[in-house]
Amino acid sequence: QVKSNAPFPSTLAGLINVRTEDPTPQFSLHGEATLGDYQTRAAGIALSDSVEGGMAGWRIAAQQYRSDGYRSNAYLQRNDVNGYDEGTLRAKLYWQINTALRAELALMDVDLNNGYDAWSIDNSFTTQSNQPGRDAQRSLGASLKLSLTSGSFGELRSVTSVADSHIVYSFDADWGNDAFWQACCGYSPYDYFEQDRRLRSTVAEDLRVIGDADHMLLGRVRWLFGAYLLRLTEADDLLDTWNDEIVGAGSNLLHSDYRAINSALYGSLDAALGSRASLTLGLRAEQRQAHYQDSADVGRPFASERDTMYGGNLSWSLATGARQSLYATLARGFKAGGFNIGSQIEPDQRRFAPEYLWSLEGGIKQASADGRLQGQADVFYMRRESMQVYSSCQLEQNNPATFVFYTRNA
């Protein structure tokens, strides 16, 4: 329900970089199979090889996972309404075109067709829903990485990526059925359902120039400069239906459109201060332009937001021994603002501003002589500005589908 984006590598407190396996220098085959209770079964296979003496290579990995989802629906007398049916297909190819130019292509196909019936009134593994939902997604993605090594500047690297996702998320908003609600509470009919269909597409380009050991500034400063561009579009159809003795029968459909463009310039300098110390400076300037409109605001122009954000870090490290070092870091990270969607969102809750984080940290790292034991101690202080907090409320006591989640600045 929140439209927000903080693209790599702008982070508040850290970054997790997940990298899949690269092609192997010789033919390899890996397979696995899983069997478990709750009708759990899975299988996967990965094949990899290189050709032309290692000048090109490929890897393909496929996996399928199925399970009944660990829930039992007492009303429908079924055990598969929260089930998993997930398939993934990934491929990697590389081509060393010549000694200076290398191309790497990654492809991804994710097909998730899961049920969603996880909420029970008594907090057990037995549900009473008469309209189980879905948690489904079909996503296609690709990225192309080009690396050009030059004797005049170092390396020029381009990473272009695209992704397209079709997402369906739905659930039984009253968690039960008419017979159950009549028996326990005298409510009948009491039936609510919510469904969100989402189309999301992204196109991104990251272009950077990296100085190598032969092209350092002043003979001892490694450097990197880059530019980043991201275009995101998303369309949502949020449907609420109800049949209630108090509010009657009806439905509400909210269509929303969202688009955002992020552009950034960034750079890094890494200087050696003698044989044991180093100093690193990184800076990033980013501008985000976002536009939002939904069917509740027919006839009004797109809501627009333009944020310019600055972040960076200054880090110092000192090797005090063969296996001991000290470090200190001052950093400023940011997280872009965005829009809350939903027909129940108040006008003053529609937008939220960027969040900033100042962080000061210092520590010591130590390892034993044989390297088998390692330890680290740190102290840090963090200060947030305009912190984004996640809040919720239910607008109508007798209508469980009128709850809203929204982000606001504290």
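Me: What do the numbering and the model rest on?
Reply: Residues count from 1 along each chain as its sequence is written. In this predicted model, local features need pLDDT of at least 70, side-chain atom pairs count only at pLDDT 80 or more, totals for chains, interfaces and linings use all residues, and side-chain values use heavy atoms, without hydrogens and water.

Me: Why is Ala204 called buried?
Reply: Buried means under 20% relative accessible area, exposed over 50%, partly exposed in between, with a 1.4 Å probe and protein chains only. Ala204 has 9%, so it is buried. Across the protein chain, buried residues make up 35% of the 410 residues.

Me: What makes a residue a contact of Ala204?
Reply: Contact means heavy atoms within 4.5 Å. Leaving aside neighbours within four places in sequence, Ala204 is in contact with Val159, Thr160, Ser161, Tyr228, Leu229 and Leu230.

Me: How do you know which element holds Ala204?
Reply: Helices (H or I, at least four residues) and strands (E, at least two) are DSSP runs, numbered from the N terminus. Ala204 lies in strand S11. The protein chain has 1 helix and 22 strands.

Me: What makes the set with Leu232 and Phe339 a nonpolar core?
Reply: Such a core is a set of buried Ala, Val, Leu, Ile, Met, Phe, Trp, Tyr and Cys residues joined through side-chain atoms within 4.5 Å. The largest one has 8 residues: Leu232, Tyr258, Ala260, Ala290, Tyr292, Ala303, Phe339 and Ile341.

Me: What makes a space a pocket or a cavity?
Reply: Both are found on a 1 Å grid over the protein atoms alone. A cavity is a set of points where a 1.4 Å probe fits but cannot get out; a pocket is an open set with protein on both sides within 12 Å along at least five of seven lines. Lining residues have an atom within 4 Å of a point. The largest pocket holds about 1600 Å³. Of its 44 lining residues, the closest to its centre are Asn17, Val18, Ser143, Val159 and Ser161. The structure also holds 3 cavities of 30 Å³ or more.

Me: How do you know the class of each residue lining the second largest cavity?
Reply: Ala, Val, Leu, Ile, Met, Phe, Trp, Tyr, Cys and Pro count as nonpolar, Asp, Glu, Lys and Arg as charged, and the others, Gly among them, as polar. The lining is Tyr116, Asp117, Ala118, Trp119, Ser129, Phe171, Asp172 and Trp175. That divides into 5 nonpolar, 1 polar and 2 charged.

Key. Grid points are joined across faces, edges and corners, and a volume is the space filled by probe spheres set on the points.
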